[in-house]
Amino acid sequence: MTRFILYSACTIFLLSPTLSRAYLSPTDLAVAADRRSALVVNHTGSSIFRLSLPDGKIIKSSALKHPPSSLTLSKDGSTAYVAAGIAEGELYAIDTETLKVTESVELGHTPISPCLSPDGKTLYVCNRMNNSIAVIDAGTLKVTAHIPVPREPVAADITPDGKLLFVANHLPDGKANADYVACKVSVIDTGTRKVIKNIMLVNGAEGMRDIRVSPDGKYVFATHLVARFLVPTTQIERGWINTNAISVIRTSDRKLICTVLLDDVDRGFANPWAIDFSSDASLLCVSSAGTHEISLIDLKGLMAKIESAMPATEAKARMDPHNDLSFLSGLRTRVSLKGNGPRNIAVAGNTIYATEYFSDSLARVVINDATALEIASIPLAARTELTPERRGEMLFNDATICFQHWQSCASCHPDVRTDGLNWDLLNDGIGNPKNVKSLLLSHKTPPVMALGVREKAEVAVRAGIKYIHFAVRPEKDAEDIDAFLKSLEPDPSPHLLKGKLSKAAKRGKEVFEKAGCITCHPAPLFTDLQKHDVGSGTGQDAGKPFDTPTLREVWRTAPYMHDGRNASILELLKEHPQEKDRGGPLTMKEQSDLAEYVLSL
């Protein structure tokens, strides 16, 4: 089976019209079996290109109705299956010769990572914001099932025998005020179409982006970050705040056997993204979206070292290798690319290709074993001057502005939202961690931070560069990041029905008004921009007023409350019962309707 996937860190929110017109933002590619051509999908350019290889010349291009995220090829290579869209997600069947859409099917919210079964008969697509996997008949393009998974599935791959589908869930799905918080890999039995196991990764694992089954079918590899959220953010050396990793799962018993850091002792490999294997299966290749690199890892040597160092217990497997910044010493070569923001990679013979999101280009790296013989960046469009918004978007995802390249802004704010974790920042004391807030609308809803310790978002952006990146940067960088954040608009909620409130949400809106929620959360921003003591503070924060958060896009920012104590909105409402017209607490049905309304905003 041949499968190439990618999802850009900036492809799930609505970009400003200026950004979408001016740039291509290539996100994914698929190389033809003869290695003489490739297809590339461009997200903000809403298009698909056919390129000749190895020169990368555009042979043909075609516009698409919705912005694409990823694609895969049919077994005979005649059809490209392209996942596209946000709230109005679709899967296109595209003739690879003419680039015309021959069929399409409506999918869920933010479809991504189409994966084809080995027999070519079934497609699996991640409906990211619906937390489900769509099962599709590849011949008729009919959806035959939806399989629920924990939270934000962004990638999937299937074993060579077609029996198991492994799914990468981007974020943790539970409470944040716990000692162990991590995202999960779901294992689906394709016969029963049920999740048979959810494998929790190492503590702090978040931001999974890709997952691949090894060519021999024995192992599964997944890229992600390892957040060191249990310590205050007092320094950054040696990955004190974030490290970057690849986890290894054994397919036979579906167990996590090792998590290996992709960083070096004094240099991070920030925001690891896509995975592929060399044609002879000797190399494991991983892209870094934050440091603009590709790692070439000796696969046989890696597995030998893992097996020799494999702890006797699962508990130790979660505690040892992912603290070793020298684990890949002698096994890995880092290749710096010439473009910016590599996402998906595809290995064809002795050549690696990568989509370079921010430079609108295709990387080409000719290799001999683990040595890069030639590195080029092939432009896919005429060079366009960067607007402040586009440059700010690029900087937000760029770890090279950080001391020792450990992390980007997107490391804690993936897709400019939340990583689902609590962090103990130093701006309001030590020992009182807070849940990461979405940055959407942050410039319109001052003050910022849970306790409102920053007067406005502009102050927070500059403090983040200084105290989280531990860097000194030109003021222009902060100004452009401001411009980017201001350009963002909320995504439509997956709880809406064709863009409108459901019957339950309409009832919930009435409850929202009667229960007085509207007092502190008035439209259109659903915040009064004030601080209130609602009795939720504990420890050194007891009795302190908290900033009233906006409820826009609250459907995607779990967990809730300043310390992430509630995994869901309904759980929050049950823990903090509201009164209705002073006539007693809300009933369970009213709480459910209220939650549905809030989640529709």
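These legends describe close-up views of a predicted model.

**View 1. Helix 8 packs against helix 11.** Helix 8 spans residues 503-514, and helix 11 spans residues 588-598. Their axes lie 7 Å apart and form an angle of about 100°. Angles of 65 to 115 degrees count as roughly perpendicular, so helix 8 and helix 11 are roughly perpendicular to each other. On the helix 8 side, the contact involves Ala 504, Ala 505, Arg 507, Gly 508, Lys 509, Val 511 and Phe 512. Helix 11 contributes Lys 589, Glu 590, Asp 593, Leu 594, Glu 596, Tyr 597 and Val 598. By class, the residues of this contact are seven nonpolar, one polar and six charged.

**View 2. Strand 27 pairs with strand 28.** Thr 355 stands opposite Leu 362 of strand 28.

**View 3. The second largest cavity has a volume of about 50 Å³.** The model has three cavities of 30 Å³ or more. Leu 439, Leu 440, Leu 441, Ser 442, His 443 and Lys 444 are among the residues lining the second largest cavity. Its lining also includes Leu 485, Lys 486 and Leu 488. Five lining residues of the second largest cavity are nonpolar, two are polar and two are charged.

Note on methods. Residues numbered from 1 in each chain as written. Predicted model: local features only at pLDDT ≥ 70, side-chain atom pairs only at ≥ 80, totals over all residues. Heavy atoms only, no water. 1 Å grid on protein atoms, 1.4 Å probe; cavity = no way out; pocket = protein on both sides within 12 Å on 5 of 7 lines; lining within 4 Å. Points joined across faces, edges and corners; volume = space filled by probe spheres on them. Nonpolar A, V, L, I, M, F, W, Y, C, P; charged D, E, K, R; others polar. Axes fitted to C-alpha atoms, helices over the stretch in contact; angles between N-to-C directions. Helix = DSSP H or I, 4+ residues; strand = E, 2+ residues; numbered from the N terminus. Parallel < 35°, antiparallel > 145°, perpendicular 65-115°, else oblique. Contact = heavy atoms within 4.5 Å. Pairing = 2+ DSSP bridges.
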